[in-house]
Protein chains: 2
Amino acid sequence: MSTSPKTALLEEYALVARALSAPARLSLLEQLAQGERGVEALADKTGLTVANCSQHLQQLRRAALVTSRRDGKAVIYRLTDARTLELMDLLRIVAERNLAQVEHILRGLSNGQDAPEPVTRDDLAVRLAEGSVTVLDMRPADEYASGHIPGARNITLADLERMLPTLEPGTEIVAYCRGPYCIYAHQAVAALRKHGLNAKRLEGGLPEWREDGRPVLTEASPE
Amino acid sequence: MSTSPKTALLEEYALVARALSAPARLSLLEQLAQGERGVEALADKTGLTVANCSQHLQQLRRAALVTSRRDGKAVIYRLTDARTLELMDLLRIVAERNLAQVEHILRGLSNGQDAPEPVTRDDLAVRLAEGSVTVLDMRPADEYASGHIPGARNITLADLERMLPTLEPGTEIVAYCRGPYCIYAHQAVAALRKHGLNAKRLEGGLPEWREDGRPVLTEASPE
DNA sequence: TAATCATTCAAGCGTTGAATTGAATGATAG
DNA sequence: CTATCATTCAATTCAACGCTTGAATGATTA
């Protein structure tokens with residue numbers, strides 16, 4: 001062995017960190033947190049070319065963050081386990097707590113307003129049972145279809161304006177999206193609050209909700 | 001803003017991951033987990049040149065993983081908070097659970113023997129109160145001096161052979177070192193078990209012990 | 001104020017990683 | 001068995017990183 005075992009170990013740990021060190025790969029992981037996907041679907045969602053996407057996925061696989069299986073002609077990737085999700089989340093927490101730049105970007109999303117504290121998933125579950133809350137799923141329709149919080153209404157950011165009149169000014173609104181990396185919910189809350197509505201963001205997104213073992217509704221897919 | 005806020009956020013998260021993606025920086029973090037240190041001390045311990053060390057430290061600071069303060073002429077670095085430690089630990093857990101290569105390296109340290117499960121810190125605390133265990137601190141003397149588990153004997157790997165006769169064959173022995181990244185305890189346990197002694201490794205190291213709020217003994221430093 | 005010394009900056013060089021293009025692989029369907 | 005198609009590999013280009021050397025900074029101390 002040319003290097004000491006100590007360095008060899010550190011290099012393995014560094015390999016995992018390196019896999020997380022490119023925005024494109026974090027974006028892929030966010031998609032995979034929604035559920036398993038094929039290479040082409042991932043390339044579409046992230047805007048990468050298929051070849052480039054495939055290479056990034058292989059780096060993630062080398063770091064054991066994702067695994068793959070073959071389904072006919074397609075290769076389907078998925079997160080190896082919940083640890084991958086934990087790692088992404090901790091990365092975000094460290095960045096948000098300590099990096100002024102992150103604060104600045106998030107503030108920009110809210111047009112300078114102070115965003116309210118997010119609603120915890122426990123809270124939302126209670127409110128849902130009471131029926132005292134409107135839940136908005138801000139993700140693209142296909143992701144909504146493949147699984148969403150029961151009772152949530154699917155709407156895109158672009159259509160939000162048109163939906164405003166249908167919302168009662170007093171009702172509490174909770175918006176969610178893919179997860180902590182996704183900014184749709186941030187933007188939705190900012191837009192709703194600008195119109196004087198009582199909107200808050202859900203802590204985490206659908207993957208975290210599912211990870212908690214809470215109910216997820218899947219639309220019968222017409223395909 | 002040239003990039004979308006989404007990408008900008010992901011880039012910030014990636015910055016944190018990138019800071020963790022070099023073995024040299026993981027090594028620095030391991031040292032800092034022991035306690036705050038100056039640049040020169042860190043350079044000595046890690047074998048880096050001072051200038052190189054300084055640059056790595058600045059990358060860690062940019063990622064908000066460490067912070068620094070000035071003490072006279074010296075600049076003292078320390079981990080920003082316990083999250084940094086959590087992040088390092090999760091990195092290790094993912095690597096150990098999923099990377100065959102890590103398994104292989106660790107097995108090499110034990111000369112192919114199966115290593116026993118590590119002792120939890122709770123267990124050790126109980127055994128220490130009973131006095132039914134011998135604790136070995138495998139770190140360099142200066143690190144032992146700056147803080148160790150009460151009752152632990154400090155010994156280097158090199159001196160372990162000479163210490164063998166002083167150990168009762170029946171007594172349980174627990175070895176620890178800097179923390180999960182440190183391999184001294186692994187090696188010590190392997191050596192002791194080869195001689196038929198009942199040795200186990202402590203889960204985590206001194207930083208984790210201290211983080212639990214457990215007692216740490218500091219030698220009156222003669223300086 | 002000037003000297004001192006730990007630390008940091010700046011420039012240069014070799015290496016590594018990201019994205020692109022085009023070809024090769026390998027499993028299925030006919 | 002051959003054609004097909006999603007995926008992966010290989011080779012290239014360009015940018016960023018890591019390490020070294022030597023100079024600059026900036027807070028103490030005399």
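Here is a short walk through the structure shown above, from its DNA strands to the domains of chain A. This is a predicted model, in which local features need pLDDT of at least 70 and side-chain atom pairs count only at pLDDT 80 or more, while totals for chains, interfaces and linings use all residues. Residues are numbered from 1 along each chain as its sequence is written, and chains are lettered from A and ligands numbered from 1 in the order in which they are written.

Let us begin with DNA strand C. Around it are 22 residues, where a residue is near if its C-beta atom, placed from the backbone, lies within 6 Å of the strand. B:Gly38, B:Val39, B:Glu40, B:Ser54 and B:Ala74 come nearest. Among the elements that give two or more residues to this surface are α4 (50-62) of chain A and α3 (39-46) of chain B. Helices (H or I, at least four residues) and strands (E, at least two) are DSSP runs, numbered from the N terminus. The most, five residues, comes from α4(B).

Now turn to DNA strand D, which 22 residues surround. Here A:Gly38, A:Val39, A:Glu40, A:Ser54 and A:Ala74 are the closest, and α4(A) provides the largest share of the surface, with five residues.

Finally, look at chain A itself. An automatic or database domain assignment gives domain 1 (5-83) and domain 2 (100-211). Their centres, taken over C-alpha atoms, are separated by 27 Å. Six residues of domain 1 and ten of domain 2 take part in the contact, which requires C-beta atoms, placed from the backbone, within 7 Å. On the domain 1 side, helix α2 (residues 23-34) gives the largest share, four residues.

Methods. Contact = placed C-beta atoms within 7 Å.
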